[in-house]
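This report concerns a two-chain protein model. Please consult the sequence and coordinates shown below while reading.

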Amino acid sequence: MEYVIEMQDVVRNFDRKEVLKGVNLKVSPGEIFGLLGPSGAGKTTIIKILTGQLRCTKGASMILGQDTGALEPFVYRKMGMMMDNLGLYERLSCYDNLKLFAKIYQVPRGRISEVLRQVDLADAAREPVSKLSKGMRGRLALARAVMNEPEILFLDEPSSGLDPQAVSMIHQLIKKEQERGAAIFLTTHNMEEASKLCDHIALLNEGKIVEYGSPKEICLRYNHQNKLQIRLLDGRNVALPNGSMAADEVKDYLEKEMVETIHSTEPSLETVFMELTGRRFE
Amino acid sequence: MKNIIAIFQKQIKDTLKNKSVLIEFLIFPIMSIIMEYSIHIEGMPEHFFANMFAAMYVGMAPLVAMSAIISEEKEKNTLRVLLMSNVKPAEYLIGVGCYIWIICMMGSCAIGISGGYKGKMLLSFLTIIGVGVLVSMLIGAAIGTSSKNQMAATSLTVPVMVVFAFLPMLSTFNESIEKVAKIAYSQQVSILINGIGKTGASAENAVIISGNFLIAVVLFGYAYKKSGMA
C-alpha cells in the first residue's frame, strides 16, 4: 500500500458552517506527518473523520485502503489513538487501565509491563489515574495507544501542557514507533515539535491546507532574504548573501577567528504561517 | 464475547471504587435487613419491608447505576476510546448491563432472604425482580445515552427514578395514586411480589410490564439514534 492515509477534496460542514474546505493529504507507511494549525483550524475534525467518528460532507477519505465512513473492525485493530481528552478511567490503576485494552486487543499481559516501562510508569503501575500528574496521564494514554503495535498512530496534541521531561519522553516513544514502521499522524500547534519530529507537515488554516512539505523544505521555500547572518566576537552583526560571492569574506572572518555565530535567514514555520495567513499560531 | 467479559471485569473494579454508584446497590438491601430484623408490628403483612424495599430497589438502583455509568463514560471520553478500540456499542451495553443486573440480583437476594423468602418463593421473588431490573436498566441506558454529561443525566434520572421507585410505596397510602401507578412496571413488580404464594401473575401484569419494556426499548433506540453512544 502506497499510502496509509488519503484525503481527497474533503469538505465537512457543521450546520451551515464549512469547517473543512477541500482538504487533500497523503501519509505513507512509516512517516511522521504533522498537521499544524491554530485552535479552530479543523485539526481535530480531520482526525475525527479519519478515525470514523465523523463523516465528510464531500470528498473521499481513506485509511488503510478503507473508506473512513464505513471502517471494518480490522482497521480499528491497526489503529492507536491518543486524543486531546485522554479518556482514562480515573478510579482504576495505570495497570488496570491498560489491562482492559490488552484484553480488547488480545495482546499478552507481558505487553502491559513493557509499555509501562517504555513510558517510565512502571513504578506507578498500581497508582490510580486520579493521583497521576498531567504528564503521567499523557504518557499513560500514549502507552495505551501503542499497546497493540498499531500501523497508524493518531496523536492529537500529544505534548500540550506537558513539562519538558514528559515531552522528551513522548518524542522518544514517537520516534521508536516510527522505527517499528508505524505511520504517525500528529496534530500540534507546537512548531518546534513539528520541525523536530515530522517528515512532512501540512499547515492548516480555517479548514484549508495552505502549505505542505518537509519542515526544512517549507522554511527554505520562504527564505526570501537568502542571507547568512554572522555575529562577530566584537559584537557586530554582518549580513552576507548566501552564495559563492560571500565565500571569501566568510573565510576571512573564520581565519581571523572573529566569528561567534553563523545563521542562515530561513524563517521559522511560525513566520511562514504568518506570511501565508496573516495570523499567529495561538 | 471477549470484549463483553473485559467490560464486565472493568466495571467490577471501577464500581467498587465508585461510592456514589455502590451506595445505590447497597442501600435498600441494608435497609431491608435492618428493618426486617428490628421492627415487628402486630398485624403487619408478611415480608412487608422486603417487598416495599424490593419494589423501590427495582425502580432506583439499576436505573441510576446504568445512567450514571454511561453518562460518566461519555463525559470522560472513555466510552469513545472503547468504541475506537473496536468495542461495539452492543458489547459495551451488554457488559455493563450484565454487571448491573447481577449485582442487583445479589442485592435482591439479600432483600428476599431478609424478608423470609425461601426455595420456590425466593425464586419467584427473584424472577419478578429480574424482569423489573431489566426495564429499569433500559430506561437508565436511554437517559445515559441521551445525556452529554453526568450533570445532565442526573437532572433527568432523579425525577424518573423518584416516580418509579416511590410509586409502589405511595400507592399503599392513597387509592388514586394506586390507580395511576398501575401503569408503571415498578408498581406491577410490587403487586406481583406481594402476591407471591397467594395470587399468580395475571395477564394485566404481563401486558403492563411488557408495554413498559417496549416503551423503554423505543426510548433507548431514539436516544441512541439521536445522540449516538459516544
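The sections below treat the basis of the model, the interface, the domains, the salt bridges and selected residues.

## Basis of the report

The model is predicted, so local features are reported only at pLDDT of at least 70 and side-chain atom pairs only at pLDDT 80 or more, whereas totals for chains, interfaces and linings use all residues. Residues are numbered from 1 along each chain as its sequence is written, chains are lettered from A and ligands numbered from 1 in the order in which they are written, and side-chain values rest on heavy atoms, with hydrogens and water left out.

## Interface between chains A and B

Contact (heavy atoms within 4.5 Å) joins 23 residues of chain B to 24 residues of chain A. The two chains bury about 2,300 Å² between them, 57% of it on carbon and sulfur atoms. Buried area is here the accessible area, taken with a 1.4 Å probe, that two parts lose on being put together, summed over both.

Between chain B and chain A there are 9 residue pairs in polar contact, with both residues at pLDDT 80 or more. A polar contact is a pair of N or O atoms within 3.5 Å; within protein, one atom must be able to donate a hydrogen and the other to accept it, and residues adjacent in sequence count only if both atoms are side-chain atoms. On the side of chain B that touches chain A, the elements giving two or more residues are helix H1 (2-16), helix H3 (48-75) and helix H4 (78-84) of chain B. Helices (H or I, at least four residues) and strands (E, at least two) are DSSP runs numbered from the N terminus. H1(B) supplies the largest share of this side, 8 residues. The residues on this side of chain B comprise 6 nonpolar, 7 polar and 10 charged. In this classification Ala, Val, Leu, Ile, Met, Phe, Trp, Tyr, Cys and Pro are nonpolar, Asp, Glu, Lys and Arg are charged, and the others, Gly among them, are polar.

## Domains of chain A

Chain A is assigned domain 1 (5-214) and domain 2 (224-265), the bounds coming from an automatic or database domain assignment. The C-alpha centres of these two domains of chain A lie 42 Å apart.

## Salt bridges

Over all chains, the structure holds 17 salt bridges, each defined as a side-chain nitrogen of Lys or Arg within 4 Å of a carboxyl oxygen of Asp or Glu. Between chain B and chain A the count is 3. One salt bridge pairs B:Lys13 with A:Asp96 at 2.9 Å, N to O. This pair crosses between chains, from helix H1 of chain B to helix H3 (residues 94-105) of chain A. B:Lys13 is partly exposed at a relative accessible area of 33%, whereas A:Asp96 is buried at 11%; buried means under 20% relative accessible area, exposed over 50%, and partly exposed in between (1.4 Å probe, protein chains only). A network of salt bridges links A:Arg91, B:Asp14, B:Glu72 and B:Lys76.

Within chain A, A:Glu217 and A:Arg221 form a salt bridge with their closest N and O atoms 3.5 Å apart. These two residues are separated by about one helical turn because they stand 4 residues apart in helix H8 (residues 215-221) of chain A. A:Glu217 is partly exposed at 42%, and A:Arg221 is partly exposed at 41%. A:Lys251 and A:Glu255 form a salt bridge at 3.8 Å between the closest N and O atoms; both lie in helix H9 (residues 247-255) of chain A, 4 residues apart. A:Lys251 is partly exposed at 49%, while A:Glu255 counts as exposed at 55%.

## Buried residues of chain B

B:Glu36 lies in helix H2 (residues 19-38) of chain B and counts as buried, with 11% relative accessibility. The side chain of B:Glu36 has a polar atom 3.2 Å from the backbone nitrogen of B:Phe49 and reaches the backbone nitrogen of B:Ala50 at 2.8 Å. Leaving aside residues up to four places away in sequence, B:Glu36 touches B:His47, B:Phe48, B:Phe49, B:Ala50, B:Ser114 and B:Gly115.

B:Gly130, in helix H6 (residues 119-146) of chain B, is buried at 6% relative accessibility. With the same exclusion of residues up to four places away in sequence, B:Gly130 touches B:Trp101 and B:Met105.

## Positive phi angles

Most residues other than glycine have a negative phi. A:Asp120 has a positive phi of about 60° although it is not a glycine; A:Asp120 is found in the loop between helix H4 (110-118) and helix H5 (134-146) of chain A and is partly exposed at 47%. B:Asn77, likewise not a glycine, has a positive phi of about 75°. B:Asn77 occupies the loop between H3 and H4 of chain B and is buried at 10% relative accessibility.
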